[in-house]
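Hi,

Here is the structure I promised to pass on. Have a look at it first, and then read my notes below.

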Amino acid sequence: QIAWHIATHGGRVYYAPFADLSHEQIKRRILKQLCGWSDYPTRTDYLISFNEALEEVNDVFGAGSAWQFYDSRNGGDTIESLAADLRRAHAEEPFTAVFADYIQRIGTSTIDARSGTVARTEHVSRELARLAADLGVPVVFGSQVTKQADGRKMTKYAQAIEEDAGLALIVDHEDTESTTFESASLHCLYNRFGKSGVKGALRWDVRRLRFVE
C-alpha cells in the first residue's frame with residue numbers, strides 16, 4: 001500500500017519481491033486490494049469497480065511506469081545482485097523509495113551457508129542500510145517476527161535488523177468474529193528520528209486485504 005501510494009503520487013518505486021512472485025501476481029494482489037477481488041467477478045454489481053480498478057492498475061504498470069520490478073527468481077536471489085541492479089537503475093533514473101520483501105529470503109554470496117541464517121540475515125540487513133545511505137532513498141523491507149519467552153516480539157532470526165533500521169514497525173493483527181473487519185495495531189518499536197513506543201489503532205479490511213483508518 002505504501003508503494004502504491006508513492007507510485008500514484010508522482011514518485012518512482014523499485015520493488016524487489018523475494019517470495020517467488022511474478023510481476024503479474026503482484027499486480028493481481030494490488031488489484032485485489034483496490035477492488036476486493038483477485039479474479040474477474042461474475043456479479044454485475046461489482047463489475048464497475050473492478051473495471052475501474054483494473055484500468056488504474058494498468059495505467060501504473062504500463063508504459064513509462066512509475067514501478068520497476070526486480071526479478072529474483074532467475075539467479076538474482078542475492079543481496080549482491082540486487083544491489084548491482086538497483087545502483088544501475090537508480091543512476092539512470094532515481095527512485096523515490098525501494099521495497100524488498102522479504103528479508104529472510106534474500107541470499108548472499110559473501111557469507112558461507114554454514115555460517116547460519118542469522119549471520120546471513122545480519123549481513124543482508126547491513127547491506128540494505130548501506131544502500132539507503134549511498135543512494136539517499138528510504139529502503140523499506142518486510143520481515144517475519146517471532147515472540148520471545150517474555151512476550152516481546154522481534155524480527156525473526158536477527159535482532160541486528162532492528163539495530164540497522166531507522167524505523168522499526170510491527171503490525172499486530174487480532175482475529176475477531178467479524179467477516180468484514182478485524183482489529184489491528186501499528187506499533188513503533190524504534191524510531192531513530194523521533195519518538196518510539198507509539199501505538200496506533202487500525203482496522204483490517206478482510207475483503208480487500210488492506211488496512212484502513
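The protein has 6 helices and 10 strands; helices (H or I, at least four residues) and strands (E, at least two) are DSSP runs, numbered from the N terminus. Bear in mind that this is a predicted model, where local features need pLDDT of at least 70 and side-chain atom pairs count only at pLDDT 80 or more, while totals for chains, interfaces and linings use all residues. Residues are numbered from 1 along each chain as its sequence is written, and side-chain values use heavy atoms, with hydrogens and water left out.

Some overall numbers. The accessible surface comes to about 12,200 Å², and carbon and sulfur atoms account for 50% of that; the areas come from the Shrake-Rupley method with a 1.4 Å probe, and for residues only the protein chains shown count as cover. Take the contacts (heavy atoms within 4.5 Å) between residues at least 6 apart in sequence: 57% of them join residues at least 24 apart.

Now the aromatics. The structure holds 7 aromatic pairs. Rings of Phe, Tyr and Trp (its six-membered ring) pair if their centres lie within 6.5 Å, and planes under 30 degrees apart count as stacked, over 60 as edge-to-face and the rest as tilted. One of the pairs is Tyr-15 with Trp-67: the ring centres are 5.9 Å apart and the planes stand at 50°, so this pair is tilted. Tyr-15 lies in strand E1 (residues 13-17) and Trp-67 in strand E2, so the pair ties together parts that are 52 residues apart in sequence. Tyr-15 is buried at a relative accessible area of 17%, and Trp-67 is buried at 7%. Tyr-15 also pairs with Phe-69, with centres 6.0 Å apart and planes at 70°, so that one is edge-to-face. Here too E1 is tied to E2, because Phe-69 lies in E2, 54 residues from Tyr-15 in sequence. Both Tyr-15 and Phe-69 are buried. Elsewhere on the list, Tyr-14, Phe-18, Tyr-70 and Phe-95 form one aromatic cluster.

Tyr-70 turns up again as a contact of Thr-78. Thr-78 sits in the loop between strand E2 (67-69) and helix H4 (79-92). Is Thr-78 buried or exposed? It counts as buried, because its relative accessibility is 18%. Not counting residues up to four places away in sequence, Thr-78 touches Tyr-70, Ile-106, Gly-107, Thr-108 and Ser-109.

On to helix H5 (residues 117-135). The expected span of a helix is 1.5 Å times one less than its number of residues; for the 19 residues of H5 that gives 27 Å, and the end C-alpha atoms are 27 Å apart, so the two agree. Its buried residues are Thr-121, His-123, Val-124, Ser-125, Leu-128, Leu-131 and Leu-135, and they pack against H4, strand E4 (139-141) and helix H6 (160-164). After H5 comes Gly-136, with a positive phi near 75°.

Last, the strands towards the end of the numbering. E8 (residues 181-191) and E9 (residues 199-205) pair in the antiparallel sense over 7 bridges; two strands pair if DSSP finds at least two bridges between them. Ala-184 stands opposite Leu-202 in E9. E9 also pairs with E10 (residues 210-212), again antiparallel, over 3 bridges, and Arg-203 has Val-212 in E10 as its bridge partner.

Cheers

Methods
Buried < 20%, exposed > 50% of the residue type's maximum accessible area, 1.4 Å probe, protein only.
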